[in-house]
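Thanks, everyone. I'll keep this short and walk through the model on the screen.

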There are 2 protein chains.
Amino acid sequence: MKSKKYLLQEADIPRAWYNVIPDMAVKPAPLINPGTKEPLKAQDLYPLFSKAAADQELNTTDRWIEIPDEVRDMYRIWRPTPLVRARGLEKLLDTPAHIYFKNESVSPVGSHKLNSAIAQAYYCKQQGVTNITTETGAGQWGAALSLAAKHFGLELAVYMVKISYEQKPYRRSIMQTYGAEVISSPSMSTKAGRKIITDNPNYQGSLGTAISEAVELAMSTDNCKYVLGSVLNHVALHQTVIGLEAEKQMEMAGEYPDVVIACFGGGSNFSGLAFPFLRHKLIGERVDTRFVAAEPSSCPKLTRGIFEYDFGDEAGYTPLIPMYTLGHNFRPANIHAGGLRYHGGGAIISQLKHDGLIEAVDIDQLDTFKAATLFARSEGIIPAPESSHAIAATINEALKCKVSGEKKTILFNLSGHGLIDMTAYDRYFANDLTNYTVTDEEIAQYTKDLEKIL
Amino acid sequence: MKSKKYLLQEADIPRAWYNVIPDMAVKPAPLINPGTKEPLKAQDLYPLFSKAAADQELNTTDRWIEIPDEVRDMYRIWRPTPLVRARGLEKLLDTPAHIYFKNESVSPVGSHKLNSAIAQAYYCKQQGVTNITTETGAGQWGAALSLAAKHFGLELAVYMVKISYEQKPYRRSIMQTYGAEVISSPSMSTKAGRKIITDNPNYQGSLGTAISEAVELAMSTDNCKYVLGSVLNHVALHQTVIGLEAEKQMEMAGEYPDVVIACFGGGSNFSGLAFPFLRHKLIGERVDTRFVAAEPSSCPKLTRGIFEYDFGDEAGYTPLIPMYTLGHNFRPANIHAGGLRYHGGGAIISQLKHDGLIEAVDIDQLDTFKAATLFARSEGIIPAPESSHAIAATINEALKCKVSGEKKTILFNLSGHGLIDMTAYDRYFANDLTNYTVTDEEIAQYTKDLEKIL
């Protein structure tokens, strides 16, 4: 094993988040107000989000956005996180590649999600909001927001995707331990939920559905805001602390990544790790660095979706987002990487992908658990099923280096640990898991009318 | 929250473990060979343990024992661990006390147990052993040894206390993910297990029983050694990296603890944190520091046991240990802090307690979960049920300071996180947990014939 950690001090926690849009030659197309069909203004988002989050969402000019002291103070609970040279994995693969990972699993909730949860809860508190609501897939985001809400004294209701609510009871318990209310989604508590249950009583839920329910609750409740864990620009912004720290740590290691890899659901951990490094590519300093988003082959929006305006949620409550999408009614298979079961890629990532600045690969479920087991046994950390997509993509890159003899430097994000996901591992070892690859027909069916939305 | 971390660099990982015995004015009485009734020699232990562990067990002269490079290299996966000033908890309690905790929960298996697992697996590997076996209560030790065994290429069989095997399936899965074999104890695979099952078919197991089974397997299998997770001197020795790091970190914080607190099952995390600080008391530098072991009121060996020679296991296979004990046949109640369900205090700790150098308190199960919830909500980390005993004892000390106005410095060990123990939290919130206080009659019954053993 003999892996090496690169550790920063608390003073090294970034003081500003990095907004990638000002450095993009081609900006993402604007979000569209579905009612007026006009480009969205920040004010249009004020009823739904905190004012600060809404302003950040539409900020295309400020490259650096200061992190409030209260947020940075909370980051100190677990940040800075370690960067690790994964010598155990390198040795196991017998690769000349140097593999590094940023270990975001050390947060008290076990994932990177706390980076944005704290910021968004803080902004709500700051403007006098008392109640917040959100959705969660695997429960990583819900757990993070529960902790943040408790700290800032906010009441929180979490719509948890039904399959995760049942598969991952421990994450539900974690949210309840922090004091949050957790509702299985689809639920009878919203119009959106009732409609979906009526149409399809056995539906196991998806992030798109849970978002609809949370948005509906926020819009119909006094002094209640909606908080999102991925997809949107301001969430990606908050997550850039990951890459900003990793930049310093790669300097300590005396290397610069040739390939930067993260798993991809709505883009939060990918953006967080990649954007600070991507900046050097966009401004012409490091033009050869590759950026690889690893998504599940059961939910392949970046590799096989279409680039169109689409809603962020099942019911069509959100603004229209210009993005690679499988259609907002896409029903992803019941894979264990619940955090990646989302139909769209978000505006920034999708534009970057469209412009060839980032790449995407899709990974089968069985390959992710194979990679996860190799990683656990060589590096000691049991990874989350989501993060295991990044590990599988990393292993693929490292094995290519073995063939070519290239000594590439690969950096990936270990977005979370899998200690709450042991049921999935049990099923993997019992040969009780399968791959789910979406057919072209399914994709065509879910995306066929998208161009008519606008 | 706004808690402050004190972080060391990898170069600060200790290079030697601290052996407290040379500094004790009154040494522990010797271990006794139950066959010959003579003081045990290291050679007597060679069939059971690795030679290095056996030698360390009986080493009463070397104050510092060098940590092998291979072990220190593995420590680098997660060490040094943070020391945290728990300002969130201080604020919640409104106490003038300064509360610090050493965060051992950041290890990849979620507890301090890896500190000794790595050392013992290394020593076995070094002398050509191929198979090892052990017991585990809650599964923390078994998970740690599974990871260590995989790293050094050893086959491992773990006897897991039946109640934990059933209550904590995730810990079993973790061990299996690392490649270990896990057997529910009592089992039909050993004489000791068969006897216990025959006598009491519904018995939920205990550490004492599981130790008997593992010892029997080791003694009856070629090239197989037994590895223990607590109680013995060499385990306490390996755990002193906790306190040695904490000493440096308290210096960084500019304070010295008035009270040092850890939970107590067999003594591994208590010894690990306490001994390096206790050294300053023993050599007359810091005579006023108090050391408090927090044990469950359902298994109160230090507070209510008798000081006698007793076996370390249910079946009577181990050497006789001079210690505070509830009797090796004591059957602890089914509390969720499975790691603390052990009948004896070990030789060093018991001698120190006998000589008034350390104290012990007992904590009710409901108080531990109340403390755990306060801690989770104020510091963000969900603690293991075991560690929550230390938190409850810390809160009691901090509240005394609130009454007296004293500004004491309290240091406790967060030996592990509770993310795998969410079932216990669910039951606590559902008012489905109770206290179990042992009666004097029960203790008298289990301890009545102990003086006749020798």
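Start with B:Val403. It sits in helix 17 of chain B, residues 385–404. Buried or exposed? With 76% relative accessibility, B:Val403 counts as exposed, because the cut-off for that is over 50%. Now look for B:Thr95. In sequence, B:Val403 and B:Thr95 are 308 residues apart. In space, their C-alpha atoms are 8.6 Å apart. Keep in mind that this is a predicted model.

Next, strand 15 of chain B, residues 409–414. How many of its six residues are buried? Six of the six are, so call this strand mostly covered. Take the two faces in turn. On one side you have B:Thr409, B:Leu411 and B:Asn413. On the other you have B:Ile410, B:Phe412 and B:Leu414. Both faces are covered, and these residues are all buried.

Which strands pair with strand 15 of chain B? Strand 5, residues 98–103 of chain B, runs parallel to strand 15 and is joined to it by six bridges. There, B:His98 stands opposite B:Thr409. Strand 10, residues 259–263 of chain B, also runs parallel to strand 15, with three bridges joining them. In that pairing, B:Ile261 faces B:Phe412.

Now switch to chain A. Here we have an open sheet of seven strands. The order is 1-4-5-15-10-11-14, and the pairing is mixed. Which strands stand at the edges? They are strand 1, residues 4–6, and strand 14, residues 359–363, of chain A. Each has a single partner strand, so one side of each is left without a neighbour in the sheet. On average, neighbouring strands of this sheet are turned by 25° against each other, direction ignored.

One pair from that sheet. Strand 10, residues 259–263, and strand 11, residues 290–296, of chain A pair in the parallel sense over five bridges. Within that pairing, A:Cys263 has A:Ala294 as its bridge partner in strand 11 of chain A.

A helix lies across the sheet strands too. Helix 12 of chain A, residues 241–253, lies across strand 1, strand 4, strand 5 and strand 15 of chain A. Against strand 5 of chain A, helix 12 runs at about 140°.

Back to chain B, for an open sheet of four strands. What is their order? It is 8-7-6-9, with parallel pairing. The edge strands are strand 8, residues 181–185, and strand 9, residues 224–226, of chain B. Each of those pairs on one side only. From one strand to the next, the twist averages 25°. Helix 10 of chain B, residues 207–219, packs on this sheet. Helix 10 touches strand 6, strand 7, strand 8 and strand 9 of chain B. Its direction makes about 170° with that of strand 6 of chain B.

Look inside that sheet. Strand 6, residues 131–136, and strand 7, residues 155–161, of chain B pair in the parallel sense over six bridges. B:Thr134 stands opposite B:Val158 in strand 7 of chain B.

Last, the two chains together.

Terms used: Residues numbered from 1 in each chain as written. Chains lettered and ligands numbered in written order. Predicted model: local features only at pLDDT ≥ 70, side-chain atom pairs only at ≥ 80, totals over all residues. Heavy atoms only, no water. Pairing = 2+ DSSP bridges. Helix = DSSP H or I, 4+ residues; strand = E, 2+ residues; numbered from the N terminus. Axes fitted to C-alpha atoms, helices over the stretch in contact; angles between N-to-C directions. Contact = heavy atoms within 4.5 Å. Buried < 20%, exposed > 50% of the residue type's maximum accessible area, 1.4 Å probe, protein only.
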